[in-house]
Amino acid sequence: MFNGFPSSVHQKYMREALKLAETALREDEVPVGAVVVHNDRIIGRGYNQVEMLGDPTAHAEMIALSAACTTLGNKYLKNATLYVTLEPCVMCSGAAVWSKIDRLVFGAMDEKAGGAGSVFNITSNRKLNHSIETIQGVLESNCSALLKEFFRKKREER
């Protein structure tokens, strides 16, 4: 059990995020995928599209959060969970806080730029107007493997 939810539920949605991360990998983007779940239904999906769109804000989480807000017709995502394969950066963690999402579940830690516990802790900062329950390490080895594969290929290309 992870905070009232069976681990199988978190793994189910993390697998959906992993599928999106694999799409990013095929498109030569940093392989990060994200889904937003509300009432046991995916309401937003995203994968990194920074290179394709030439937009530094086109992170998987930002795309998924935006799609979820459109689906619900509301800027707030109360009672929703964001699943993402890599710990969100500061920008994405801030967007999650502003969306008032209830829960963040991520796979791999981002020791260089993480905004949800490793480098910064935006999602649990009590000085902000909202904090997010955060669960880390769901399908971590699967999530890390995609990232390692991507960066190994990039090093080989040099």
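This is a predicted model: local features need pLDDT of at least 70, side-chain atom pairs count only at pLDDT 80 or more; totals for chains, interfaces and linings use all residues.
Reader: Why is Met 91 called partly exposed?

Author: Met 91 has a relative accessibility of 29%, and since partly exposed covers the range between under 20% for buried and over 50% for exposed, Met 91 therefore counts as partly exposed. Met 91 is placed in helix H4, which spans residues 90-98.

Reader: Which residues is Met 91 in contact with, leaving aside its neighbours within four places in sequence?

Author: With those neighbours set aside, Met 91 is in contact with Pro 56, Thr 57, His 59 and Met 62, where contact requires heavy atoms within 4.5 Å.

Reader: What makes Val 90 partly exposed, and in which helix is Val 90 found?

Author: Val 90 is found in helix H4, and its relative accessibility of 36% makes it partly exposed, because that class lies between the limits of 20% and 50%. Together with Val 119 and Phe 120, Val 90 forms a nonpolar patch on the surface, and the accessible area of these residues together is about 240 Å².

Reader: How do you know that Glu 16 forms a salt bridge with Lys 19?

Author: The closest N and O atoms of Glu 16 and Lys 19 are 3.1 Å apart, and because a salt bridge asks for a Lys or Arg side-chain nitrogen within 4 Å of a carboxyl oxygen of Asp or Glu, the pair qualifies as a salt bridge. The two residues are separated by about one helical turn, because they are 3 residues apart in helix H1. Glu 16, at 21% relative accessibility, counts as partly exposed, and Lys 19, at 47%, also counts as partly exposed.

Reader: Why are Lys 154 and Glu 157 said to be separated by about one helical turn?

Author: Lys 154 and Glu 157 are 3 residues apart in helix H5, and so they are separated by about one helical turn. Lys 154 is partly exposed, with a relative accessible area of 22%, whereas Glu 157, at 57% relative accessibility, counts as exposed.

Definitions and conventions: Residues are numbered from 1 along each chain as its sequence is written. Side-chain values use heavy atoms; hydrogens and water are left out. Helices (H or I, at least four residues) and strands (E, at least two) are DSSP runs, numbered from the N terminus. Buried means under 20% relative accessible area, exposed over 50%, partly exposed in between (1.4 Å probe, protein chains only). Patches are made of residues with over 30% relative accessible area and no salt bridge: like charges are joined within 9 Å, nonpolar side chains (Val, Leu, Ile, Met, Phe, Trp, Tyr) within 5 Å. Accessible areas come from the Shrake-Rupley method with a 1.4 Å probe; for residues, only the protein chains shown count as cover.
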